Amino acid sequence: RESDRRAWTPVSYTVTRQNATVQGLIEGKAYFFRIAAENIIGMGPFTETTKEIVIRDPITVPDRPEDLEVKAVTKNSVTLTWNPPKYNGGSDITMYVLESRLIGKEKFHRVTKEKMLDRKYTVEGLKEGDTYEYRVSACNIVGQGKPSFCTKPITCKDEIAPPSLDLDFRDKLIVRVGEAFSLTGRYSGKPAPKVTWLKDDIVVKEDDRTKIKTTPTTLCLGILKSVRGDSGKYCVTVENSTGSRKGFCQVNVVDRPSPPVGPVIFDEVHKDHMVVSWKPPLDDGGSEITNYIIEKKDAHRDLWMPVTSATVKTTCKIPKLLEGREYQIRIYAENLYGISDPLISDEMKAKDRFRVPDAPEQPIIKDVTKDSAVVVWKKPYDGGKPITNYIVEKKETMATRWVKATKDPIFPGTQFKVPDLLEGCEYEFRVSAENEIGVGDPSPPSKPIFARDPIAKPSPPINPEAVDKTKNSVDLSWQPPRHDGNGKIIGYLVEYQKVGDEEWKKANLTADSCPETKYKVTGLTEGSTYKFRVKAVNAAGESEPAYVPDPVEVKDRLEPPELILDANMAREQHVKAGDTLRLSAVIKGVPFPKVSWKKEDHEVSPKADIEVTGVGSKLEIRNTVHEDGGIYSLTVENPAGSKTVSVKVVVLDKPGPPRNLQVSEVRSDSCYLTWMEPEDDGGSVITNYVVERKDVASAQWVAISSSSKKRSHMAKYLMEGTQYLFRVAAENQFGRGPYVETVKPIKAIDPLHPPGPPKNLHHVDVDKTEVSLVWDRPDRDGGAEITGYLVEYQEDGADEWTKFQTVPMLDCVVTGL
C-alpha cells in the first residue's frame, strides 16, 4: 500500500518461492509491503515491513560516454566532442574525465585537472608529429564510470580538406514580388572555408531586407519582401587555401507588367474605325507579355467597352465607331502574373483623315524617239497617305481612249520611259497618283508629240585616205561617221584644193551622187599636188569636214603585179569529169597587168573561157574530160614586173582498160586469168576489178567476179569442150572503165602431152634387107588416143636416125636395109 493510503492492494496469490517482484510502482512514491502464508486449511497472519520504502533505481557509477569524435586537428591541438552515457547510474553526472595516451606508452594520463562538464574540449600544447589516443569517463555521486572506447590514433598536424558544397536550391528560382526567399546549403573544408555571396558579380551586403547567416557547416542568404530588383544571378563561393566551390541560382522576381509605353499613336483614322499602335512596357514583370487588353470609350460617356484581349501585337484595329464621335482608347499589358495599369490615349474624333492623292500638274515630255518618250511630272499632294504608285497613260491625239503605258508599278521615281510607240504617230500623255485609299484624278494631258527620232547633223566621216591615183585622177576612200545624228546618211560631199590656192572646189555637187564611202576625183592636172576633204550629209545638213592627212601629187603610179589566189588556185585542184573547172585570182598592179593563161607551157584548150576584169581573171572549162588535167599557169605582167602562179589540175574520171590480159592453165572446168593495171587510174585509186565470161555461142556476158582487188582470177565452173571469151574492167570511186577482152576463144579442155615410149621393142625375124619388129603399148597415152607409131632406124656408128614410116599397129617390117 502507498504510505499515505490505508488500503492494501494484492500483488500475487500464487507465490510459492520466498521472494516476489512487485511491478507497476511509481518512482518517487513510498510504499509498505506485507506477506502471509497459506495452506489448505487457510491463510495465516500477515508480516508487515517495519518502515516505508521509497521507490527509486539503485545508484551505480555511470555507463561509458558515447560517440567520442575528433572534430579538429592542428599541429599542436586536438578538439574532441562526445555524448553523455545512455545511463547515468541513477545520479546526475558531476564531471567528465578526459585521458590521453601517447602511442608507444602504456598508461593513460588525465588531460585536465579542473572539473569539466562540457562535452567538448580542445587539448592544446601538443607537440607536432606526436600521435595520441583519447578516452573519456563520466563521474556521478557514486564515482567514475567506465571509460569510452578509444579514438583512433591521432597525429598532430594541420588537417587539409578542399571545400565541399551541398546546396538546397536549383539553378532557377521564380519568386512573386513581396514574397521572401532564401538560398541555403551545407559546406565543409579544412581549414574552415570563407563564404561569400555575390549577385550579378557584386558582393551582397546585409540590410533591412537582406540577411546572411553562416555557421561552421551551413550557409543561408535570405531576402524579405522581394522586389523586381532582387532578380539576378546569385552565386555563393566557399573558399579555403586548398580551393573553392561555387553554386549558382538565377532568381527571377516576377510581377505583373508595367503599363504599355505611350503615347497611343493613331496610325489610321476613319469614320468607322481606327488603327492604333503603342510600345511594349518598359518592364514585362520578368515574364513574357502574353497579350494586351484594349478597350474603347466614347469621350462623353463613362462606359469602357472591350475591343479585344487576344492581341499580342502592339497595334490594333478599333472597329464599329460612330462618325463624328470622339473616342479614348486604353490598353493593358498582361503576363502570367497579372494585368498592368492602363495606358490611356488622348481623345480622337472618328472621321476620314485621308483621301486619294491630288492630280499631278501637266507632265513634260522629253527624249522622244521613234518608239519611246520619257514622261516627267512633279509629285502631287499625297492625300495624307504615302503615294504607292503612279499610273502613266498614253493616247493618240485623234483617239478617244486612254491606254496604260505599263502594267508594272511606277514608284518612287517621277519619270517613266513609255515604250512601244508607233513611229510617226502623234501622242499625248497623262499621269495619276495612287495611295492605299485609291487612285486620284489624272493630270492634264501633256503637249502632243510625234514619235520620231530627233535628227542632228552627223559627225565627220572617219579616216579618209587616197587609195589610188593616175596622172589626172585620185581615188578616195573613208568610213561612215560614228554618229548619223539619228537621220539616214544621204551621201557624201567631196572637195579638193590645189596646194597654194585658198578656194575649195566641189568634186561632186550633190551628196546623193556619192552614196558610198569612196569617190574618184577626176580632171586633175598631172604633176600638181592637191588636198582633199569629205563631209557626211543627212536631212539635218552637212557634217564637219574630215581631211585626207597628206597632200597627194597627181601622177601615174607604178606598182608591180600582185596575185591574190582564190581557194580554187590551191597547189592541186581536183575536179570530177563532166563538172566545170574554175580557176580564178585577184590581180593588183598599176598599170593593170597583162594576163596570160597557159597549160603545160602551151596555149590552153579552145574550149576554155577566159575572163579578165579590172580586179582579176577567171578561167572556166565546162564538161571536163580526163585530158583537161595538167599544170595550168597564170602570168601577170606590167612595166613594174611580172608574177606567175601554177596549179595542178586533176580531172577525176573512170579508169582506163586493164592491160595485157592473159589466159593460162586451161583445164576442162577452169582457167587462170592475169592482167596489168590500167595506164590511167582516172586520178583515183583502183578499188576493184570486174571479170566477165561469155560462151562464144551466146550473146550475153556473165560476171564471174566484181570485187577482186588482185590482178588475177581463177575462172571456175567451165563446161568441158565449150569455147569461152573473157573480159576485165577496172573500177574506182568515179565508175567502171572500159573492158579489155581476150583475143581468141579459149576451149575448156585438159592439156595434151606426148605419149610414153612403146615398151618391149624386139625383132621377130631378120632378113638380109629387112627386119620384122614388134612392141607393146606405152604405159601412158598423154591424154589422147594414140594414132600411130613412128619407126626410125640408125646404122651402127652413124649419128643420125632415119625415119622409116608411121604405122598404126604394134608391128612393122623395116625394108630397104
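This is a predicted model: local features need pLDDT of at least 70, side-chain atom pairs count only at pLDDT 80 or more; totals for chains, interfaces and linings use all residues.
Let me open with Asn538, which counts as buried, its relative accessibility being 2%. Asn538 belongs to strand β44, which covers residues 529-538.

I turn now to the charged pairs. The count of salt bridges comes to 30. One of them joins Asp166 to Arg186, with 2.9 Å between the closest N and O atoms. This pair links distant parts of the chain, since Asp166 sits in strand β13 (residues 161-167) and Arg186 in strand β15 (residues 181-190), 20 residues apart. Are these two residues buried or partly exposed? Asp166 has a relative accessibility of 40% and therefore counts as partly exposed. Arg186, at 36%, is partly exposed as well.

A further salt bridge connects Glu677 with Arg711, where the closest N and O atoms are 3.3 Å apart. Glu677 is found in the loop between β58 (671-676) and β59 (688-695), and Arg711 in the loop between β60 (702-708) and β61 (712-715), so this pair ties together parts that are 34 residues apart in sequence. Glu677 is partly exposed, with a relative accessible area of 34%. Arg711 is likewise partly exposed, at 44%.

The next pair is Glu542 and Lys535, a salt bridge whose closest N and O atoms lie 3.5 Å apart. Glu542 counts as partly exposed because its relative accessibility is 34%. Lys535, by contrast, has a relative accessible area of 13%, and residues under 20% are classed as buried. Which residues are linked in a network of salt bridges? They are Glu495, Arg533, Lys535 and Glu542.

Finally, I would draw your attention to the surface. A nonpolar patch is formed there by Ile59, Val61, Ile141 and Val142, which together have about 350 Å² of accessible area. Where does Val142 lie? Its place is in the loop between β10 (131-139) and β11 (144-147). With a relative accessibility of 44%, Val142 counts as partly exposed.

To summarise, we began with the buried Asn538, considered several of the salt bridges, and ended at the nonpolar patch on the surface. Thank you for your attention.

How values were computed. Residues are numbered from 1 along each chain as its sequence is written. Side-chain values use heavy atoms; hydrogens and water are left out. Patches are made of residues with over 30% relative accessible area and no salt bridge: like charges are joined within 9 Å, nonpolar side chains (Val, Leu, Ile, Met, Phe, Trp, Tyr) within 5 Å. Accessible areas come from the Shrake-Rupley method with a 1.4 Å probe; for residues, only the protein chains shown count as cover. A salt bridge is a side-chain nitrogen of Lys or Arg within 4 Å of a carboxyl oxygen of Asp or Glu. Helices (H or I, at least four residues) and strands (E, at least two) are DSSP runs, numbered from the N terminus. Buried means under 20% relative accessible area, exposed over 50%, partly exposed in between (1.4 Å probe, protein chains only).
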